[in-house]
Amino acid sequence: MASEKEVKLLDFGVSPFGVRTRIALAEKEVEYEYKEEKNLNLGEKSELLLKSNPVHKKIPVLIHHGKPICESLIIVQYIDEVFPSKTPILPSDPYARALARFWADFVDKKISQYALRVWKLKKGEELEETKKELVENLRTLEAELGEKKYFGGEDFGLVDIAFVPFTSWFYSFKAFGLLSVEDEFPKLAAWGKRCMERKSVAKSLSEPKKLYEFLSARRKRGRKGEKARERSEIVVASSILLDHRPEFRRTTRERAERAMAEEKEVKLLDYWVSPFGVRTRIALAEKGVEYEYKEENLSEKSELLLKSNPVHKKIPVLLHHGKPICESLIIVQYIDEAFPSKTPILPSDPYGRALARFWADFIDKKFYPSMNRIGKLKKGEEFEETKQEIVESLRTLEVELGEKKYFGGEDFGLVDIALVPFTSWFYSFKVFAELSVEQECPKLAAWEKRCLERESVAKSLPDPKKVFDLVSSRRKTRGFE
Ligand SMILES: N[C@@H](CCC(=O)N[C@@H](CS)C(=O)NCC(=O)O)C(=O)O
């Protein structure tokens, strides 16, 4: 190992996620060994990749002193934390950090999945829907950018790094007759040009024409190895429906300022049974923060919720001095940073922080979607498949937990907070899905009991029987039981 470079990047040239990590390393002037996963598009993966990212088996992976870090946004934050001397990527103020994380997450949830899919679709309804989503979300992002130089203001940062790799794709979108970003989103196009003036971006981004050749070849080759819905041949030239939603013309900061006149310092918009809401309640309790709890009726959302989270319109929202913070994992990290004096939620070591973020993200990306789906399924093949997915995710988590007291070791932290709210649903799994977490994952069941010994958890979790009543009534309404 001694002869190996300290920093190694497993990557694939055209990957926008890989580009993010290359930009971050260039911003920090970190030297590293670049290792191309040459045959990734053919589904071939190196031993090193499989060993370094056994969970997702995806690039990019950053290997620092032999330790792997996965998931591009987590890697970028890690790079920022371990190489702090050069230009910071995240701002120092906790609220600005939460905003940066929110918009970077928005790029992942609302832009990348559509951008990476739209060019693969055949002409038809699915293409039109995907394109419409992409356009709406680009409009939201453009409104957030407004007249600023970069997303964070004067300084190039996390959101720029998250989104700028996709600008290489704009040329192809136009060439395929899908969308002209220059015409539809002049501010985003101008911002893209400003970013390209930075050496870190210019040298990391894929050359648009080369990317176009790569994508064209993929479209011609067809869907070898791809899912049936990801069709290859398309020609679309229809104009894109524009929907002007005025709330997006204001920036998040302006919205926050207008809300400044709030009475209580900390307010939580929540819904009793929401596992995401429970996360924020646990974090606030761990920090001993007093707050005003406001229960939302999700079928008739309050003005305050719609104004505070115009993008997703979801609870939980934390309002601190009137400023809204959205997305539970971002809120929990914000609480940790804004109230640092009490028990820390994230470890102080950057690698420990990256691991905590990785597993919390795993819960949201892998475990929650199956858990959410199963409640909406009739018993049958798909139900059984989904149940199997839940078991697999829980087993992966159980292996990660191992013999530790909590996911992070001796200290209760982010991953525990991310997962423990779902334990209130385990009783329902047992009754309606015949899935016993105690039997399948005894270590997780024991961990759940340990967590419940903490007052912060015990007082925040909803009663499993009440959760069950809700699940049953929803299943009855759907005609499943
Ligand atoms: N990723 C979000 C998920 C939040 C979420 O899904 N909230 C649900 C309640 S559990 C909601 O507000 N649903 C209302 C809706 O989608 O209209 C987070 O972590 O906060």
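How do the residues of the shell around the ligand divide into nonpolar, polar and charged? The points below start there.

1. **Basis.** This is a predicted model; local features need pLDDT of at least 70, side-chain atom pairs count only at pLDDT 80 or more, and totals for chains, interfaces and linings use all residues. Numbering starts from 1 along each chain as its sequence is written.

2. **Ligand shell.** The shell divides into 6 nonpolar, 2 polar and 3 charged residues. Here Ala, Val, Leu, Ile, Met, Phe, Trp, Tyr, Cys and Pro count as nonpolar, Asp, Glu, Lys and Arg as charged, and the others, Gly among them, as polar. Around the ligand are Tyr-271, Ser-274, Phe-276, Leu-298, Lys-313, Lys-314, Ile-315, Pro-316, Glu-327, Ser-328 and Leu-329. Each counts as near if its C-beta atom, placed from the backbone, lies within 6 Å of the molecule.

3. **Strand 3.** Strands (E, at least two residues) and helices (H or I, at least four) are DSSP runs, numbered from the N terminus. Strands pair if DSSP finds at least two bridges between them. Strand 3 (residues 61-64) pairs with strand 1 (residues 7-11) in the antiparallel sense over 4 bridges. Strand 4 (residues 67-70) also runs antiparallel to strand 3, joined by 4 bridges. His-64 is the bridge partner of Val-7 and of Lys-67 in strand 4. The hairpin of strands 3 and 4 has 2 residues between the strands, and His-65 takes a positive phi near 50° there.

4. **Two covered faces.** In a regular strand the side chains alternate between the two faces of the sheet. In strand 3, Val-61 and Ile-63 on one side and Leu-62 and His-64 on the other are all buried. Buried means 20 or more other C-beta atoms within 10 Å of the residue's own, with C-beta atoms placed from the backbone; exposed means 12 or fewer, and partly exposed is in between.

5. **Helix 3.** In helix 3 (residues 72-82), 9 of the 11 residues are buried. Its cover includes helix 1 (16-27), strand 3, strand 4, helix 4 (94-118), helix 6 (158-163) and helix 16 (350-374).

6. **Gly-413.** This residue sits in the loop between helix 17 (381-401) and helix 18 (414-419). Gly-413 is buried because 25 other C-beta atoms lie within 10 Å. Leaving aside neighbours within four places in sequence, its contacts (C-beta atoms, placed from the backbone, within 7 Å) are Ile-345, Leu-346, Pro-347, Ala-356, Tyr-406, Phe-407 and Gly-408.

Conventions. Contact = placed C-beta atoms within 7 Å.
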